[in-house]
Amino acid sequence: MIASKLFLPRLRPELVARPRLSALLQAGTGSKLTLLSAPAGFGKTTLLAQWLSKAPQARLGVAWLALDSADHDPSTFWSNVVAALQTVQPTIGAGALELSREIPLPTERLLTTLLNDLAGIAQETIVVLDDYHWVDNREIDKWMVFLLDHLPPAVHLVLGTRVDPAMPLSRWRVRGELHEIRAAELRFTPSETAAYFDAAAGLELATEQVAALEQRTEGWVAALQLAALSLKGREDTAGFIDRFTGNDRFILDYLVEEVLAQQSEPVRTFLLQTSVLDRLTGPLCDAVTGRDDGREQLTALERANLFVVPLDERREWFRYHRLFADVLRARLLDEPSAQLPLLHQRASHWYAGQDMVPDAINHALAAGDHDTAAHLMEAAVPTIRRTRQDWMLRDWLKALPADVVARSPILSVFQGFMLMVSGDLDGVEPWLTRAELALAAAPDHAAPEEAAPEEAAPRAITDELRTLPATIAVYRASMAQARGDVPGTAVHARHALELAGPGDHLARGAATGFLGLAAWAEGQVRLSLSTFTQAVASLRAAGNLVDELSGTVLLADMWFTAGRPDTARRLLAEALELAASHGPSTARAAAELHVGLSEMLRSAGDLASAREHLGAAAKLLEGAAMTESRFRWFVATGLLTAAEGDPREAIRLLDQAAPLYRQGFFPDIRPIAAVKARLLISSDRLAEATDWASEQGLSTTDNATYLREFEHLTLVRLLIAWHRAHPEADLLLDVFALLDRLRMAASTSGRASSLVEILILQALVHEELSQRVQAREALALAVAAVAEPLAYARLFLDEGEAMTGLLRDAARHGGAEYLLALLRMAGTTQGHALDASQQTTSDPPLSERELAVLRLLGSELGGPAIAAQLFISYNTLRTHTKHIFTKLGVTTRQAAVHRARERGLL
């Protein structure tokens, strides 16, 4: 956004003081909303600036946003609101800001995230949305009501507007939550009118003349200002005042004509030509007008009080009074030689030269110069991809005619990508085909070995065209993955690698990534680890930090599946530190890293730390680090909520996750519908879970594939639950065969976490058939399948009382410490009793938090990094470490880890 929209307007020293209105505004801060509503030209903006300029800044935060026509778009509106709030506190709304770029816009989650941030503000804060009438969007009005209904007490909202918003004003009025200042209060009083003409305008008018103007304008500030401008230099003052009649609109038209008519032709032309600009600076004005006196003209206009507003202290940037600019633009359209497209083209060219791409594109579009706009968009693609500002390209593409997009191979490819992001898979391939046809028809673009700085854009386009075939192959790999075509995914990914050059790190990273994901979809975790590690390294070499960090989350998932949770946690923690060092630019990735850590902590039974990480993610993005993985926050939160004992709320969260899932970005290893089915089973809603299984066409005779493993293991749980409700031995016979096939596939592919889960279910089936010895054997194998069994604690605990009984039985038969730790996590009295009888030393058991610290002591992280990951202070970490050493009878970190492994704690 344009930063000057966040600037509190500068005040002129000759302004008329209006303490009565400042007092009215101050009185309104006790309510949620102050509505400053009046027609154009009643001095609303000036009044707000006067009031806030005298506010005690040390104890009052002021967030100012000057709205314009672009803010009718909800995404733009909410992102700009957050930007204004960040002038008060930079950390506010980081997550909401990223949510504003998602398609479709998740407004409720965005505002919930923002309100949670605002609730943490202790400082009294005034939020001003000036010129709210530009927001001609009922959807925004609706969510503004939501925002106001939940606004924290320390925050007060002020709306300056020409028309009343479509909000429940009467309801708020009755509740005393609305403070209104309208045209009747804003009108200049006789004394203010006299003060204005005398001091501010420097006009010596008779008392009756001031009274006549005040009466005929009814205190309308803009009309008084325009009248003062028209009166300057006139000899027939009385005659002008006598002729001064009409309604507001006609008065405005007449007076502006009078102002313009009194200007010299060069000044008049300058005003009209530069009215196409939202912001003015000398060199830009020169580029548009073809003159060289832009800076001097702006200075002269400001001194003449000719509706020019400075935007910075150095007086380099200005804007016209909006009312004045509107009239100038209307007059410009009536000029026979206006050459409006040419003016916009000149502005576009100047902005492009300053590397201000959004402004350059906007003016090119306003000029109807779609080819130039497309060219600028093409040159911007590499930066957009590197910074993951896909939403910006999406908005630009919407403004271009389809035939213009189709002529550009680059834009055609990304039009297809935008359709994939929005979930329109069928619409993607036609655009990729168009891109290939356009690329084949284009002349050969050989990249120059040396390029001057001014040729940077053509060079960027040339590089993009050269790598475009590989990019197209990558997107086809993504489409194959979206449709569950694992072989097709690998074929397209290999083709992309063949097309990419040795230095095309982004294309190679993406292609290698899809090869790794294809291997993962087939359950080949060892191959997926080696391949995806190369992909992340290529993304690092390409400078795509956000993609590198987000890719690390998937890489950690693979390590966790392979039975190496220690490596997975270390990768996530290191990546999170890297993200923190780069600030808000990596907020999306940081949020996803927090979610990944939360899932691993939940799996290990550390529910408190898992909740803290989800809270940290919510502050950044409310869950997902990338648009295409936003759903993961809701899934992780749902599973954690279920572990905390609220399956109904967990199912609600999963229902929110389902529409957010986007195919094509990673294999659907853990389908949301299957996750929900598991919660239905644990809640004894077996009929609903059975409907799910029928819809998926699941059977115990199916082949064992990793893409359906999660669903098959859910089916096994369903059949066990039906057997408990209606015992029938034959029902479980086919289950053994399915579990054996799944176990063989997981074992040969190196999927340790899958093996743990399969063996747990085999133990439960044996238990249902009263085969207690076999059940203990399967449980022992499950524990032995991984080096750190407690990292997968929830796989045991989520099976409920049946698993608790197996754990008790195993502990009675000489089980290791980890069995007792699982029983403690389950919160059973038997667990505590067994704990006392099984201990061979007098060491007290470790608490849940101490176990979490112990797991990280076995990693490569230093003390401060461990404290940061657990959201505790370093001193608190030292206290926990001291207790661990005492309970384990050791004095060093290495010895604690060794003793913990001996006792099965790691």
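Q: Why is Ser75 called buried?
A: Ser75 has a relative accessible area of 10%. Buried means under 20%, exposed over 50%, and partly exposed in between (1.4 Å probe, protein chains only), so Ser75 is classed as buried. The model is predicted: local features need pLDDT of at least 70, side-chain atom pairs count only at pLDDT 80 or more, and totals for chains, interfaces and linings use all residues. Residues are numbered from 1 along each chain as its sequence is written, and side-chain values use heavy atoms, with hydrogens and water left out.

Q: Where is Ser75 placed, and which residues does Ser75 touch, not counting residues up to four places away in sequence?
A: Ser75 belongs to helix 3 (residues 74–85); helices (H or I, at least four residues) and strands (E, at least two) are DSSP runs, numbered from the N terminus. Leaving aside residues up to four places away in sequence, Ser75 touches Ser100, Arg101, Leu105 and Arg394, where contact means heavy atoms within 4.5 Å. A polar atom of the Ser75 side chain lies 2.3 Å from the backbone oxygen of Ser100.

Q: What makes Asp395 and Arg394 a salt bridge?
A: The side chains of Asp395 and Arg394 meet at 3.0 Å, N to O. A salt bridge is a side-chain nitrogen of Lys or Arg within 4 Å of a carboxyl oxygen of Asp or Glu, so the pair qualifies. Arg394 is buried, at 9% relative accessible area, whereas Asp395 is partly exposed, at 27%.

Q: What makes Glu192 and Arg20 a salt bridge, and which parts of the chain does the pair link?
A: Their side chains meet at 3.1 Å, N to O, which is within the cut-off, and the pair is therefore a salt bridge. The pair links distant parts of the chain, with Glu192 in helix 9 (residues 190–200) and Arg20 in helix 1 (residues 19–27), 172 residues apart.

Q: How many salt bridges does the structure hold?
A: The structure holds 42 salt bridges.

Note on methods: Polar contact = N/O pair within 3.5 Å; in protein donor to acceptor, adjacent residues only side chain to side chain.
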